[in-house]
Amino acid sequence: MQNKKLPLFLDTAKVEAIQNTLLEILVNETSLLFNELRKAVKSTVQEKLFSKYDVLFALAHLKDQLEKGQLVKWAQQTKNSISDSDKLLSLGSIANRKNVALLAGNLPLVGFQDVLALLLYGAPTCIKLSKKDPYLISTLLNVLNKNGVISNCKWGLSIADFHDFEATHWLFTGNQNNFQKVKTALETNKVIAHYASSLVRKAGVSIALLPSNYQSLLNNELEALATAIYQYEGKGCRSVGIIVYADDLALTEVFTFLEQNLSENNAARPSEQHQYELAFLTACGFEARSINGKIYTNDPNAWQKADFISLICEKDWQKSNIPLEKIQSIYSISAHLTMNSISTEIIHEPIEFAQKPELFWKADGIDTLEWLINAK
Amino acid sequence: MSKFNIENAFLILQWQIKHNQWFGRFANALNFNEKAEDLLFWKWPYISVDAFKKIDGFLCGDTNNIGAIFMSSGTSEQSERAKHYIRDLALYRSYSLQAFYQKYPKEEYAVVAYLPAYSDNPNSSLVQMMQFIIEDDPTNTNSFLNLQKPTISTELLQQLKKQHKRLVLFGAAFGLVDLAEKKALKIPSDSIIIETGGMKTHRKEMTRDQIKSVLAQGFDIPYANIHSEYGMCELLSQAYEQGDGWYECPPWMMVFARPFNKPFAEPIINELGQLYVIDLANEHSCSFLQLNDQGIVNEQGKFQVLGRIPSAELRGCNYLMEQN
């Protein structure tokens, strides 16, 4: 064990250094570091990559998690899970490991959780940033690097930046269609070794359960539902794209509930495209409503597009044939109003966590840091 | 070629709104008022071609007395297959032969077809169309090529010479590219190749230009002799491009383009947009369709197809090679 280079997360001081440096960027408005982040936010918004609201929401949540000590907690609980001396002895040396992550860029800071896991692991790492989110994560990494709290980490916008890196492990989010294409591109550029292990995230949507006594929902619970649906324009895998409602509710009742609680007072007329989509759904025999820029419908396949929310009755869930691997989380809208779950295999969470998950939440049910530790 | 008859099209529109219950529902949902809109074709309702996937039995009337069912190949990742119920197969035969012979007269051309993978789909409209073309030749020169060992026999070449005909090699693009790259098939230098279908999922996606270059080189014929056919199971008509990059519709078909996400906008000319079609051959199903292809339509009504329309933003994080 003395000759082995062990993962960084075992060294609490180093983890705290990362956490504190990130907090310095996010909290201390007088610091130069904060200014760098402010510039990154400005560029992101000016180039219309994301709205200012979405960027600040993501940063505020990261700040909140770090203030609560969640990075150190993540390291600690991982350490505890391998505190058994046999497991510790068999912990692989990170000297033999090289890691790559490809970030999707469809939401601000998306993939930063994976980045943190890779930093906690501590092996040489390359982060392929997305051209859709080129400033935020690179600024955070830049500051961590300049302050010497991370080392052996490169990042860039092009796969060619990591030519010949020959990673042993790589992470990305995708599907069967693009996995092979991406793998081939990485192997051709020798970014990954041909034997490299991969962690591929596939889940694309989350579900909210609407119980029969929904009239008892509190304002904050309704707000949480709205955030779960509308934050980030509904694009992330943690966004609600499917509402499963209790057996004894009628569809019209569900529509009324949604219209009453999710409409904005000055809601604009549906766009031309939405008017068209509504007519098409009607033609196909589905019910559909446009509510605050999204189309809610009982077409069980509609959720695949970010603008659509599928409404499925609990008793029709099996018939909908939605593959479980596509589901990220199932949210209960209320702690005191329960409903039968539709699956025991998917992680269940309170809806308040939808867009504000814990730092160490398990995408596709997998803790990235644990995967890095256990992967061959 | 005669002009597209808009008055006829309007009559068919009225009839289909009345007799295709889903199309009628679609028109009502859009508050289409046929008396007010008359002959402004772009104000008519155009239902998404996906209706053939989402609605089983998308046609005028019910699914009794059906001549055939055409189904798409279903090559994309999560695709349901489109199903086109054909009331009268003889009608399809008539339209497809007319469209083909307008461009490639029977007296001047003999046809051989090479359709790997399509042959695995017993409901392929393309295979059926080729069947019609081949059977319509009283000299028996037209034929399907052997998929395992495609060859143009000396006998066939002699027939072509005797009949003063040029050869048309009609094939699936990916299959022809395979043959071209292996130089596996010799054809006369004045032959025409008609490719169709793009590369589907069988090979790395190539542009139409790239396909044509590979075919011209591999078969050793001029680039201008590489033509293209635009068709799908949802349309009973086909458009042909004869070497200049522009597809031309038969007289009963019309294609126009609109800006993306503007399904009610006036048509645009010489600008990239989403393609829409009126195909009067679809008289028993629906003639007025919004397609999933993007392209450019010129002043003469000819069009280029430049891939699928940009897809609506999908849920979940997805690393996209093209964007990154």
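Predicted model: local features only at pLDDT ≥ 70, side-chain atom pairs only at ≥ 80, totals over all residues.
Partly exposed, in what follows, is the class between buried, under 20% relative accessible area, and exposed, over 50%.

Salt bridges first. Over all chains, the structure holds 18 of them. I will pick out a few.

Take B:R208 and B:E195. Their side chains meet in a salt bridge, 2.6 Å from N to O. B:R208 sits in helix α9 of chain B, residues 208-219, while B:E195 sits in strand β7, residues 192-196, so the pair ties together parts that are 13 residues apart in sequence. Are the two partners buried or exposed? B:R208 has 26% relative accessibility and therefore counts as partly exposed. B:E195 has 0%, so that residue counts as buried.

The next pair is also in chain B. B:D56 and B:K83 form a salt bridge, with 3.4 Å between the closest N and O atoms. Which parts does this pair join? B:D56 is in the loop between α4 (51-54) and β2 (68-71) of chain B, and B:K83 is in strand β3, residues 83-86, so parts 27 residues apart in sequence are tied together. On accessibility, B:D56 is exposed at 53%, and B:K83 is partly exposed at 24%.

Over to chain A. A:D64 pairs with A:K68 in a salt bridge, and the closest N and O atoms are 3.1 Å apart. A:D64 is at 28% relative accessibility, which means partly exposed. A:K68 is at 55% and counts as exposed. Chain A also has a network of salt bridges, linking A:E259, A:E287 and A:R289.

Now the helix. This is α6 of chain B, residues 125-135, and it is mostly covered. How many of its 11 residues are buried? Eight are. Going along α6(B), the buried residues are B:S125, B:L126 and B:V127, then B:M129 and B:M130, and then B:F132, B:I133 and B:I134. At the N-terminal end of α6(B) there is a cap, B:S124. A side-chain oxygen of B:S124 lies 3.2 Å from the backbone nitrogen of B:L126.

Last, the contact between chain B and chain A. Chain B puts in 32 residues and chain A puts in 52. The area buried between the two chains is about 3400 Å², and carbon and sulfur atoms give 55% of that area.

What about charge pairing across the contact? The count between chain B and chain A is one salt bridge. The partners are A:D299 and B:K54, with the closest N and O atoms 3.2 Å apart.

Which elements of chain B give two or more residues to the side that touches chain A? They are α2 (21-29), β1 (47-48) and α4. Of these, α2(B) gives the most, with four residues. By residue type, that side of chain B divides into 16 nonpolar, eight polar and eight charged.

Helix α6(B) has eight buried residues out of 11. Between the chains, the salt bridge is A:D299 with B:K54.

How values were computed: Residues numbered from 1 in each chain as written. Chains lettered and ligands numbered in written order. Heavy atoms only, no water. Salt bridge = Lys/Arg side-chain N within 4 Å of Asp/Glu carboxyl O. Buried < 20%, exposed > 50% of the residue type's maximum accessible area, 1.4 Å probe, protein only. Polar contact = N/O pair within 3.5 Å; in protein donor to acceptor, adjacent residues only side chain to side chain. Contact = heavy atoms within 4.5 Å. Buried area = accessible area lost by both parts, 1.4 Å probe. Nonpolar A, V, L, I, M, F, W, Y, C, P; charged D, E, K, R; others polar.
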